Structure formats: structure tokens, C-alpha cells
Amino acid sequence: MKSIFKLHNPFQPAGDQPAAISSLVGGLSKGMKKQTLLGATGTGKTFTVANVIAQYNKPTLVIAHNKTLAAQLAQEFRLFFPDSAVHYFVSYYDYYQPEAYMPASDTYIEKDASINKEIDMLRHASTQALLTRPDVIIVASVSCIYGLGSPEEYEKVNLKLGLGAKMDRMSLMKSLIAIHFERTNADLTPGTFRSIGSRVEFMPVSETVMYQIEMEGGIISKIIKVDPISAHIIKEEKNIFIFPAKHFITEDVKKKIALVNIKQELDVQLKKFKKDKKLLEAERIKRRTNYDLAMIKEIGYCNGIENYSRHLSGKSEGEPPETLLSYFPKTGFLTIVDESHVTLPQLQGMYAGDASRKNTLVEYGFRLPSAQDNRPLKYEEFQKRIGQVIYTSATPSEQERTQSEQIVEQIIRPTGLVDPETIVRPVSATSPQPSPEKARGNAYPGQISDFITETEKTIARGFRVLATTLTKKMAEDLSAYLKEKKIKSEYLHSDIKTMERIKILTQFRKGEFDVLVGVNLLREGLDLPEVALIGILDADKAGFLRSETSLIQTIGRAARNSEGKVILYADIMTDAMDHALKETARRRDIQLEYNKKHGITPKTISKKIKDITEEMESEHAKAVNAELKLDLEIFRRSYKKELAKPERTKTPEKSYLSDEEIENLMYEKIVKLKEKEMNKAVKELDFETAAILRDEIGVLKENLEKKQK
């Protein structure tokens with residue numbers, strides 16, 4: 001069979017990698033359902049997996065337990081497979097508060113979410129790639145087991161446009177609206193269209209290019225692919241396929257049947273509530289459902305439409321929903337569960353938590369019983385849908401160890417890097433445990449002061465530092481304290497938005513700051529070769545964050561640097577610490593013996609710094625910012641002397657406004673000018689021009705607010 005993946009090999013497999021690749025591919029060939037790659041941190045598990053994917057030759061799903069790790073893996077697989085479709089699929093919510101009801105306090109919490117349009121675009125790119133080509137690798141978070149909409153319906157309603165086809169402007173706009181595109185008079189964004197004369201322009205939801213469809217006499221005369229920033233023509237197309245702007249798509253016949261079924265279910269639920277004398281609940285569900293039915297009937301959509309997914313998809317009660325897994329080919333695909341000791345428990349716990357919340361909503365009349373079928377897959381359903389699987393982890397749990405038909409160990413690092421030196425020091429200055437400082441006759445300063453001293457030494461050598469705390473508040477406070485001590489630092493935890501997390505890690509690697517403080521986000525899978533010191537604060541505090549597995553994972557973050565060192569601050573030696581230190585020492589000894597045998601001198605990993613957010617940025621935002629930079633330069637040159645009044649400067653000796661003051665003033669003047677133009681357009685009843693100006697003003701104000709924060 002011809003290979004569908006072309007692996008770009010920057011280096012040949014080495015160390016334990018060749019044996020691991022051979023064993024895993026052999027296991028797949030023998031039909032092994034489950035295997036585990038036990039790979040120590042820094043041994044190149046991702047490169048090993050890439051080689052397995054290339055040889056197995058089937059589409060692949062890689063599941064990671066958080067968005068940050070998924071983004072990093074997507075970057076790595078894109079480097080290994082530059083000619084293949086490597087996509088990033090995670091929840092598109094920057095913020096998500098699910099709908100819930102708390103009976104004890106009679107508190108209803110409405111669903112509240114902030115959708116990241118760039119991530120939504122990438123989700124569509126993932127599903128479209130799976131439907132149109134074989135060489136696909138999807139790196140996903142656990143959101144891959146949540147309901148997504150039928151791939152059959154999604155593929156069925158795509159719009160095909162071809163030269164010479166009969167189509168007038170109004171028909172094309174109606175067709176775009178039918179697949180959930182939105183009309184706009186401003187700049188195009190993915191999933192929007194606009195009409196200019198006899199031409200319709202739109203931007204697909206999965207990419208940031210613009211298509212211009214020109215029509216003459218009711219026939220499509222031109223299909224032009226255009227760069228939305230420069231307006232340069234990329235190429236002229238003969239045919240194009242346009243996929244829907246939303247994943248939940250239902251054809252008209254099914255929609256009409258669904259509306260009838262939803263009404264029937266409402267009638268049954270109303271009778272039940274009235275029989276149980278739950279009149280408030282009956283009135284509540286009646287109002288909510290009738291409003292949703294009217295919205296679906298009129299515009300084909302309503303907020304929370306996913307709660308009617310069972311009816312809209314024609315599924316039976318209790319039947320599993322369609323998910324990202326449904327888009328993979330029926331002929332089979334490979335599943336990689338990365339950091340399986342964390343990812344598997346997440347996959348197993350999703351259903352129960354969702355079911356508990358939905359049951360309460362149904363019981364108190366906020367949702368129909370069918371809302372319970374809008375759910376993540378049960379773990380058993382997930383297992384049935386994934387085919388052959390490889391778990392990867394430096395610390396596999398008992399589940400992987402007992403269920404796997406083969407455990408492949410990968411301890412040797414091709415770079416020769418050994419597990420870091422580990423040191424245990426006391427937490428407090430009053431600790432009875434002896435320390436190097438006390439041995440020299442000096443008073444021990446405590447874990448924070450000691451960590452700062454070690455940090456300053458590490459930074460002076462040109463390396464970066466990680467610190468792990470037990471709580472988010474501690475992470476924020478420590479970061480602030482380090483800044484007071486003139487140490488450039490930032491914190492990272494789950495409250496920070498997805499895209500911002502990735503940017504912080506990239507800035508950290510680039511050296512824009514020296515210390516990154518976090519909680520559990522700093523453990524699994526983060527590849528930071530610039531880090532030479534890790535401080536584990538309060539290492540002796542029992543709990544998940546200081547378990548044997550967590551400690552081994554944390555220690556492993558320093559295994560990519562030849563000068564790596566880890567300090568565990570603890571007043572007592574816990575069992576978890578003891579086991580973690582012994583396992584680290586075992587792996588260190590194996591690597592040292594290998595290095596001695598092969599004459600290897602360890603070298604710090606050199607890894608290109610690439611920010612996935614650069615690929616996710618809105619092209620519209622890029623264009624606006626580029627135009628504003630040009631306006632700024634013109635403004636600066638034209639008005640600098642006129643605006644350079646000494647009384648407006650901060651110090652008497654300054655003869656000009658600062659660049660920042662000039663830029664802020666420029667934004668304010670342009671906003672006022674555009675507001676004046678907008679008001680004039682409204683008076684002249686030119687509402688389309690007014691709408692365009694309104695949107696431009698919104699972008700300008702948003703940029704100004706960001707600058708002033």
C-alpha cells in the first residue's frame with residue numbers, strides 16, 4: 001500500500017527509539033488493541049509516535065489532556081509531517097459556564113460562554129480535512145468525545161459552485177444563509193459574506209481566504225480566490241465546495257419531523273409535571289421549549305440547539321451522539337492517548353459529571369428529558385469507536401499497565417541527557433532538618449529566599465526557571481513577589497485563556513521573562529529545553545499535586561537541559577517523594593551507563609521556538625493593525641512638531657510627545673473622525689456605509705483599550 005504520510009526526518013531514530021518503533025509497529029501489525037509506550041521525559045516519545053504513524057499509514061487521532069499540550073503536539077507533528085493535514089481540535093470556548101440549577105438555593109445559572117473564533121475555524125478545518133483527504137492527523141483535547149453533529153449531514157449540505165452554473169445573487173445569498181453563513185457589511189471574517197453589486201464575497205469558515213463570485217445573466221461567470229489583506233488574486237477556480245459554518249446541520253425534512261417530535265415530548269413532560277403537581281416546572285418548560293421551537297422554525301437555530309440534537313439527528317433515546325470520532329474513516333484509524341495517566345481519567349469522568357447536571361435541569365423544568373442525550377461519550381462507547389490505541393506516558397497508571405498487551409519502555413535519550421540532579425531542602429527556616437546552609441554555620445532563609453538565590457544563579461547562566469505551587473493564588477503571589485525582587489516572571493494556570501497560555505509559554509522560551517510560576521499546568525508534556533532549574537515548593541504536602549506521578553512528571557521538565565536541577569522543598573520525606581527520587585535515580589543510572597558505553601557527552605536539546613497562535617491570528621486583525629501602523633507613521637511625521645508642546649510633556653526638558661502619547665492621540669483622533677463620518681452617513685440614510693464605519697470604530701476602540709491596560 002502506498003504511504004499516505006511523508007515523514008520529514010530531521011534526524012534518525014537513536015537510543016531506545018528504534019526498538020520502541022519496531023515493537024509498537026509490530027504490535028499494531030499483530031492486531032494488538034492496546035499498547036503502552038513508557039517513555040521517560042525527553043526521550044523523544046513524539047518522534048517515536050511520528051515514525052509509528054508513518055509506518056502504520058492510517059489517519060490518526062492524538063488526544064491530549066489540555067489545550068496547551070495539544071497545541072504543542074500539533075506544532076511538533078506539523079514539523080514531522082509538513083505535507084500532511086495536521087490539525088488542532090479543542091473546545092472553542094475561552095470561557096464556559098454550563099447551564100445549571102442548584103435546588104438548595106433556587107439558583108439558575110444560564111449558559112455563558114465566550115467563543116474563540118480562531119479555534120472554531122480550526123475545528124471546521126479538522127472535520128473538513130477528515131472528509132476530504134486520507135493523510136490527516138488530528139491533535140485534540142478531550143472535547144473530541146462531545147457531541148458535534150452528524151458528519152453525513154455536514155457533508156451532504158455543502159454548497160458546490162462551478163463556472164457556468166445557474167445562480168443569481170439572491171439565490172447564492174439564500175444558499176449561504178441556509179448553511180449558517182452570516183451577512184455583513186464590514187470586513188469579512190470566517191463564516192460571513194457580503195454583497196457588492198452583482199458580486200458576492202464570502203470567507204469559508206475553515207480558512208482565511210476570500211472568494212469572489214461574479215454573476216452575469218443568472219450564471220456564475222467567475223470564481224476568484226483572493227488574499228483578504230492585500231486583495232491580490234491568488235487564483236481563479238473552476239469549482240469550489242463550501243462547507244457549513246456550523247457543525248449542527250439538519251436538512252429541512254428532518255427538521256420538520258424534529259419539530260413535531262419535540263412538541264410531542266413537551267406534551268408528555270407537561271402531563272407528567274401536572275400529574276406530580278409541579279405547576280411551576282410545567283410553565284417553565286412550556287415557555288422555554290415553545291420559544292426554542294419558534295426560533296428553529298424561523299431561522300433554523302436557537303441558543304442551546306444542541307439540547308435538541310437527538311431529535312434533529314433522528315437518533316433514538318439513549319443512543320450515543322456523533323462526535324469528532326464519527327468523522328474518521330470507517331476503515332479504521334490509529335489513536336494515541338498522550339500522557340495517558342491524566343487523559344484517561346478525564347475521559348472516564350466526563351459522562352457522569354454532565355449527566356448529574358442535566359438530570360437536575362430536567363427535573364426542575366429547565367430542559368426536556370432529551371437534553372440528556374446531548375452528552376459526551378461514555379468511556380465504554382469511546383473505547384468501541386477508537387480501534388487500536390497506543391498510550392504514552394512517563395508514568396503510566398495501573399490501568400494502562402494491566403490492559404496493555406505490550407508495554408514498550410523508552411528510557412535512553414538520544415541526546416545523552418540524564419535525569420536532573422535532585423536536591424531536598426527544608427521548607428521553613430525553623431525546620432530541624434539539616435541543610436547545606438546550616439552545615440556551613442549559616443541560618444537557613446526558608447524555601448522562598450533559597451529559591452530566589454538559586455533562581456538568580458540560574459538566570460545569570462542564561463537559563464530559565466520553573467516554580468510549582470499548590471494553588472493559583474500562591475502562583476500569582478509568588479510571581480508578584482519575584483517581580484518586586486526585580487526578577488522577570490509570569491504565572492500560568494487554568495484561569496488564563498487558551499491562546500494566552502500558548503503565548504506565555506512562547507514568550508518564556510524566547511526569554512522575554514525568566515521565571516514561570518504555575519500549579520499543575522507545568523507538569524505533563526510541556527517541552528521547555530531552556531529550563532535548567534525547577535523549584536517544587538511544599539513538596540511534602542500530601543495530595544494529587546505532590547503524588548509520586550506528579551513529582552516524576554515535574555522533575556522531568558528539567559531533563560531536556562544538560563544542567564538541569566530540581567529542588568524539592570520539604571520538611572519530611574513522604575513515600576511519594578521517596579519513590580519519585582528512587583525512580584529518577586534508576587533512570588539516571590541507565591542513561592549514564594549508556595553514555596559511558598557510547599562516549600556521549602550530554603547536550604541541551606535545541607528546539608525551534610514556534611508559536612501556534614501565529615497561525616490562528618485573525619487575518620482581519622492583521623490587516624487592521626498593518627493599516628494602523630501606516631497611519632501612525634504618517635501621523636507621527638506630519639504632526640509631531642505641531643503636537644510637541646512642552647506643557648503637555650511629562651518633563652520640562654522634553655520637546656516632543658512620547659511615541660506612545662502620539663499613538664494614543666492618533667487613535668482618539670481617527671475614532672472621532674470616523675464617528676463624524678458615521679453620523680453623516682446616518683443622516684443621509686446611507687446605512688451600509690454607517691455600518692462599515694461602526695465596525696471599524698469598534699476595532700479601533702478595542703485596540704486602544706488593549707494598549708491602555
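Modeller: Let's start with the salt bridge: a side-chain nitrogen of Lys or Arg within 4 Å of a carboxyl oxygen of Asp or Glu. Bear in mind that this is a predicted model, where local features need pLDDT of at least 70 and side-chain atom pairs count only at pLDDT 80 or more, while totals for chains, interfaces and linings use all residues. Residues are numbered from 1 along each chain as its sequence is written, and side-chain values use heavy atoms, leaving out hydrogens and water.

Biologist: What makes R509 and E530 a salt bridge?

Modeller: Their side chains meet at 3.0 Å, N to O, and the limit is 4 Å, so the label holds. The idea behind it is simple: side chains of opposite charge can pair when their charged atoms come close. Searching the whole structure turns up 29 salt bridges.

Biologist: Which parts does the R509 and E530 pair tie together?

Modeller: R509 sits in helix 16 (498–510) and E530 in the loop between strand 23 and strand 24 (531–536), so the link joins parts 21 residues apart in sequence. Helices (H or I, at least four residues) and strands (E, at least two) are DSSP runs, numbered from the N terminus.

Biologist: Why is R509 called buried?

Modeller: Buried means under 20% relative accessible area, exposed over 50%, and partly exposed in between (1.4 Å probe, protein chains only). R509 comes out at 10%, so it is buried. E530, at 17%, is buried too.

Biologist: How do you know that K541 and D538 form a salt bridge?

Modeller: Their closest N and O atoms are 3.8 Å apart. K541 is partly exposed at 38%, whereas D538 has 9% and is buried.

Biologist: And R586 with E583: where do they lie?

Modeller: Both are in helix 18, three residues apart, which is about one turn of the helix. R586 is partly exposed at 33%, and E583 is buried at 18%. Elsewhere, salt bridges with shared partners join E99, R288, D292 and R367 into one network.

Biologist: What makes helix 17 (548–556) largely enclosed?

Modeller: Seven of its nine residues are buried, so the rest of the structure largely encloses helix 17. Those residues are S550, L551, I552, Q553, T554, I555 and G556.

Biologist: On to the sheet. How do you know that strand 21 and strand 23 pair?

Modeller: Two strands pair if DSSP finds at least two bridges between them. Strand 21 (464–468) and strand 23 (515–518) have four, in the parallel sense. A467 stands opposite V517 in strand 23.

Biologist: What is the strand order of the open sheet?

Modeller: Six strands run 20-25-24-21-23-22, with parallel pairing. Strand 20 (421–425) and strand 22 (489–492) are at the edges with a single partner each, so one side of each has no neighbour in the sheet. Neighbouring strands are turned by 20° against each other on average, direction ignored. Helix 18 (575–598) lies across strand 20 and strand 25 (565–569), at about 155° to strand 20.

Biologist: Why is helix 7 called roughly antiparallel to helix 8?

Modeller: Axes are lines fitted to C-alpha atoms, for helices over the stretch in contact, and angles run from 0 to 180 degrees between N-to-C directions. Helix 7 and helix 8 pack at about 170°, with their axes 9 Å apart. That makes them roughly antiparallel, as angles under 35 degrees count as roughly parallel, over 145 as roughly antiparallel, 65 to 115 as roughly perpendicular and the rest as oblique.

Biologist: Which residues of helix 7 and helix 8 meet?

Modeller: Contact means heavy atoms within 4.5 Å. Among those in helix 7 are L259, I262 and F273, and helix 8 brings residues including I285, L293 and I296.

Biologist: What makes K277 stand out?

Modeller: K277 has a positive phi of about 60° although it isn't a glycine. Most residues other than glycine have a negative phi. K277 is in the loop between helix 7 (252–275) and helix 8 (279–299), and its 72% makes it exposed. E339 also has a positive phi, near 45°, but E339 is buried at 4%.
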